[in-house]
Amino acid sequence: MYGLILENLSEYIKATYGDDKWEEIRKAAAVDQPSFSTHQVYPETLIPKLAKKAIQILKVSEKDFFDQMGVFFVAFVGQYGYDRVLSVLGRHMRDFLNGLDNLHEYLKFSYPRMRAPSFICENETRQGLTLHYRSKRRGFVYYTMGQIREVARHFYQKELKIELVKEEILFDMIHVTFQCTFDNRAFTMATLAMTREERHLPISASALFEIFPFCIVFGHDMVIRSIGNSLIVILPDIVGKKLTNWFDLVRPLTEFKFETILNRTNNIFELLSVEPVLTDKDDAGRADELINDDSSETGEEKNLRLKGQMVYMDNWKMMMYLGTPVMPDLNSLLNSGLYINDLSMHDFSRDLMLAGTQQSVELKLALDQEQQKSKKLEESMRKLDQEMKRTDELLYQMIPRQVADRLRTGENPIDTCEMFDNVSILFSDVVSFTAICSRISPMEVVSMLNGMYSMFDNLTEFNHVYKVETIGDAYMVVSGAPEKQANHAERICDMALDMVDAITTLKDPSTGQHLKIRVGVHSGAVVAGIVGLKMPRYCLFGDTVNTASRMESTSIAMQIHISQSTKELLPSEYKVGERGEVEVKGVMKTYWLEDRNGRQPLHRDLIALPETHPEPTTAPSSAVRSGIYSPITYQDVARRSVGNSPGTSPAKTPTSAKQSLGKTSSASSDPADAFGGQVTDDGFAESMDLTSGAEEASPAPSIIVSRSNLTKARDSIIELGKRSAEAAKQPRNSHSDGNLRGSGGGGGGNAISNSRSEHFQHHQCCSHFGGHKGRFNSNACMMM
């Protein structure tokens, strides 16, 4: 199957239904090529596969699809210049139909491996004719009907009605009979021209056979009576033998009988010798020497191929086949045992042979270059598709699919803003995260957080909730947005229960005990939309975000703190215990989520560790720390990082040097920023090393302070570290881990502990919902 038909199909779909439909059909059919080269051969299964998917997706019948595709073909081939060939194929529509086989013979010069159908006309009248269609391909009946009808309308300005009369399968070939109805007055004129009588001119047999050196004369019994002068040189023994024993009828696709040939004298007949026709071994050796090594000749190409017209000689009561050898190049001439002087002198056979040979090398080179370029283009398009898929996957990780698709179509980011009446939001963070970070190196912090986040990410997919963002050790999830869901509270609570269970499989590298998290959940209304141009983010705005964060900050270790609004949305199968009134945003009645009836244990694949590490048993050491869970190990990070900060000894690292990775802005590119720097209110900053008293400390992470207030910043940070260390010894609700905590009440402002201030800097306030004018009253949270 040449790419011309495949390209016709794709262009028809694009022109009629749009490029998007073609891409959808191509992907549904698992076809990698976005376009096709007209002269390249493709698998026969492509057309049926693409057509089947097109019929399903476009919701059209097989007849309508192929019929309109055939109509489109006539205009489509015009861009390749074939419309000029169609326009000169015949003076009348009857001539066109009678010469369809001749058209395919012409096209074989451009498409040598073409498996063309065969057309035969019969029962011709002034109102039309009967057309027989034979082909070894199935499924192109309606396609052919559309082509013929459009040719009659476009080139002959006739309305042709074509009907399917009969369809049958003969061995490996399909035979279809069409009844074509049209104004066929040209048939009468042709009949009158055939009835005229002319004076017969006597001509000798020797002159006749010299004029037609490859002619064959045979009778009703198909026995060869005489042959031309050149043919008798290479096939001297065929006279007196049956023609069917020496030659096969290649075209037209009909029976090789005298009566059949007599009714098809207006067709071009192509014969192929059954056996090779080389005269002797010398000719074979000479041919092999002259044939180029790069030309792969098959056994069929070494046989003699004749093409010509059948003429019934009434005086002889015999049929004369006026054949001419089909010789595309000199190699074919040599394979057949022929020479240039064997060809007829009165026509242009010799000139065409020599001229064609001179141009064949250049044409073959040009065609090879075109095919190479076409293959490179297809390979580039395939790689482009792969990159587009990867880009889409990356985009969908940053922005929800529904919103990203709207932006892709050119929609304004502001128009993606949407109000959600009720969603459920979950916040979680690691208990005593600051204390843990003060005892381990920054690289171990990265590895620990990566292991925890990877596990939580799997749980979001499992529970069908949306991960909003991570801020240091804090993890935020939403259900009910961007896709609205009626059971959003149930999904978010299932996520919370799974997170508490899953965290027990991760170890604190500094103590050997499993990590502990706090979880808070709240339900309410939010507004969501795209914010930013340089790095667009999908953001949630509203008091619900801030309240959910405070529900987490007022929770305790390994407990799920839910609000009254969330509790009211849960069915009875969820076990909920009342906590009482708690200062969250004002005094609120809150609850503990304990379990759900019939809940299945987590599948091991969701919490499976990629590697088995030894359990830490004593105080932290380098050997113990290297065993923390993470898809990216400490050694991997250290090996790939250029500016790794040095590991610190637990005995000598000052506890006041806060090393929390997650407490700084994610937009910072400074290594000190990434591994535990404190950011002051001033915009000008520099790095410095922090030491504690007279005790000589190992190199500590860089601390960013203001140049103008260097001394003041040093004292503030040391004091902050001391308070954090003291707070770590207090009960869980003292909020010593440096995350967001709301200790104030009322609707005006909330008093926030200094150790939680960094967490607030990541939740920009939306004044339209919260109503709090304090700097750290957060009502918004950006989706990463």
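Student: How is Arg137 classed, buried or exposed?

Tutor: In this predicted model, Arg137 has 16% relative accessibility, so Arg137 counts as buried. The cut-off for that class is under 20% relative accessible area.

Student: Which residue does the side chain of Arg137 meet in a salt bridge?

Tutor: Here is the general idea first: side chains of opposite charge can pair when their charged atoms come close. In this structure, Arg137 pairs with Glu44, at 2.9 Å from N to O. Glu44 counts as partly exposed because its relative accessibility is 31%.

Student: How many salt bridges does a search of the whole structure find?

Tutor: The search finds 28. Among them, Glu163 and Lys161 meet at 3.1 Å, N to O, and Glu163 is partly exposed at 37%. Another joins Lys257 to Glu255, with their closest N and O atoms 3.6 Å apart. Lys257 is partly exposed at 43% relative accessibility, and Glu255 is partly exposed at 48%. Salt bridges with shared partners also connect Glu23, Arg26 and Asp385 in one network.

Student: Let's look at helix H2. Which of its residues are buried?

Tutor: Helix H2 spans residues 19-28, and Trp22, Ile25 and Arg26 are buried there. They are on the same side of H2 because they cover an arc of only 100 degrees around the axis. Asp20 and Lys27, on the other side of H2, are exposed.

Student: What follows H2?

Tutor: Ala30 does, and its phi is positive, near 60 degrees.

Notes: Residues numbered from 1 in each chain as written. Predicted model: local features only at pLDDT ≥ 70, side-chain atom pairs only at ≥ 80, totals over all residues. Heavy atoms only, no water. Buried < 20%, exposed > 50% of the residue type's maximum accessible area, 1.4 Å probe, protein only. Helix = DSSP H or I, 4+ residues; strand = E, 2+ residues; numbered from the N terminus. Arc of directions from axis to C-beta. Salt bridge = Lys/Arg side-chain N within 4 Å of Asp/Glu carboxyl O.
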